[in-house]
Amino acid sequence: MSRRGLRTIVVGFGQIAAGLGADARMARHFPFATHAQVLAEHPAFQWLGVVDPDAAAQAAARDQWDIHHVGADLSEVAAAADPEVAVIATPPGTRLKAIEGLPNLKAAMVEKPLDIPGGEGEDLLETFRLRGIPAQVNFWRRGVPFYRDLAQGRLEELAGKCQGAFATYGNGLFNNAGHMVDLVRMLLGEIAAVQALGEAVPAEGAPLAGDLQLPFALFLKAGQMVAFQPLDFRRYREVGLDIWGTAGRLALYQEGLGAHRYPVAPNRGLEGAFEIASDAPETLDPGVGRALYHMYDNLAAAVGAQQALWSPLESALRTERALAAVLRSAAAGGARLEVE
């Protein structure tokens with residue numbers, strides 16, 4: 001590529017790095033579903049290399065994306081590309097070694113989860129801090145302008161103060177539940193405690209081997225409770241958040257693509273009372289398709305110290321500490337546990 005920008009390599013060239021871009025249905029709504037799609041177009045990044053042990057992944061990088069520095073050996077690709085930015089999309093437990101093999105980094109984009117129980121998340125955090133490298137974690141909803149506006153006051157304008165909320169997820173606690181827990185933290189505030197509401201069972205079909213799922217509750221520092229219910233994605237998919245406020249209800253559904261606001265109206269069954277008009281929603285467009293591109297906008301600005309990261313590694317670890325506490329609660333018979 002002749003385009004100038006931050007020299008960038010991708011370490012791990014699987015689904016989120018490139019594969020999801022082949023999903024025609026997803027492409028209708030997400031023009032930037034993968035790191036490859038962003039890096040191929042973003043002017044702030046010069047995509048030079050891919051590291052992956054799989055021969056088919058290497059061939060895809062060369063043939064579909066015209067990447068010249070491709071191979072299984074990180075040191076060889078790094079020597080050729082001299083990366084300033086690394087996209088780390090390898091499985092948990094492999095990221096620290098990759099970062100240690102890249103001495104000239106200025107920034108990183110890291111896939112979640114960081115720290116499945118017993119993992120390397122805290123060591124990653126310390127390494128990035130000591131080297132002064134901004135590390136963005138791909139909790140992509142933090143890159144959606146609509147959600148960012150909600151967090152900065154629009155949620156209260158649309159629905160009033162949150163009284164409680166209900167979330168659904170599937171395909172694993174450290175997969176989609178993590179996205180929803182992080183969104184709760186973004187929109188509703190930090191978590192004080194968690195409680196498992198059932199037994200942890202294997203997440204069938206989850207992308208992360210050994211991942212579990214279970215119903216659980218978050219107790220927020222502001223006083224509200226958010227209930228989480230896992231779904232069997234073999235039946236249908238939904239990763240959503242339904243917020244009941246003092247002045248209305250806001251439902252974020254269809255895995256982020258849809259949003260409905262339901263206003264308060266006179267109660268149809270009782271004089272002088274009110275209800276949520278669940279049959280009269282206002283449809284809102286969250287505009288999530290460019291979220292990952294926006295995350296890279298923010299990463300580039302963070303390299304120049306023009307913006308703080310939207311999803312820094314230390315924030316992502318707070319989300320994952322809550323998930324780990326849910327599993328400890330389940331092992332303790334559903335005890336309510338405080339979160340650090």
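1. The second largest pocket of this predicted model is lined by Val 11, Gly 12, Val 51, Asp 52, Pro 53, Ala 72, Leu 74, Thr 90, Thr 94, Lys 97 and Ala 98. Its volume comes to about 230 Å³, and by class the residues of its lining divide into six nonpolar, three polar and two charged.

2. Thr 90 sits in the loop between β4 (85–88) and α5 (95–100), and its side chain is joined to that of Thr 94 by a polar contact of 2.6 Å; Thr 90 and Thr 94 both belong to the lining of the second largest pocket.

3. Is Thr 90 buried or exposed? With a relative accessibility of 15%, Thr 90 counts as buried, because the class takes in residues under 20% relative accessible area.

4. The largest pocket has a volume of about 1,400 Å³, and of the 41 residues that line it, those closest to its centre are Ile 16, Leu 20, Met 26, Asn 175 and Arg 237. By class, the lining of the largest pocket is made up of 20 nonpolar, 12 polar and nine charged residues.

5. Which helices supply at least two residues each to the lining of the largest pocket? These are α1 (24–27), α8 (173–188) and α9 (291–303), and it is α8 that provides the largest share, with four residues.

6. As for the chain as a whole, its secondary structure comprises 10 helices and 18 strands, and the C-alpha atoms fill a box of roughly 75 × 40 × 40 Å when taken along the principal axes. The radius of gyration is 21 Å, which agrees with the value near 20 Å that a compact globule of 340 residues would have. Of the 340 residues, 56% count as buried, and among the contacts in the chain with a separation of 6 or more, 67% are accounted for by residues 24 or more positions apart.

7. Lys 112 and Pro 113 are joined by a cis peptide bond, with omega at about 0°, and Pro 113 is found in the loop between β5 (107–110) and α6 (121–131).

8. Glu 255, a residue other than glycine, has a positive phi, near 55°, and lies in the loop between β14 (248–253) and β15 (258–266). Its relative accessibility of 21% means that Glu 255 counts as partly exposed, a class that lies between the buried limit of 20% and the exposed limit of 50%.

9. Ala 305 likewise has a positive phi, of about 60°, although it is not a glycine, and its place is in the loop between α9 and α10 (313–331). How does Ala 305 count by relative accessibility, buried or exposed? At 68%, Ala 305 counts as exposed, because that class is set at over 50% relative accessible area.

Key
Residues numbered from 1 in each chain as written. Predicted model: local features only at pLDDT ≥ 70, side-chain atom pairs only at ≥ 80, totals over all residues. Heavy atoms only, no water. Buried < 20%, exposed > 50% of the residue type's maximum accessible area, 1.4 Å probe, protein only. Polar contact = N/O pair within 3.5 Å; in protein donor to acceptor, adjacent residues only side chain to side chain. 1 Å grid on protein atoms, 1.4 Å probe; cavity = no way out; pocket = protein on both sides within 12 Å on 5 of 7 lines; lining within 4 Å. Points joined across faces, edges and corners; volume = space filled by probe spheres on them. Nonpolar A, V, L, I, M, F, W, Y, C, P; charged D, E, K, R; others polar. Rg over C-alpha atoms; globule rule 2.2 N^0.38 Å. Contact = heavy atoms within 4.5 Å.
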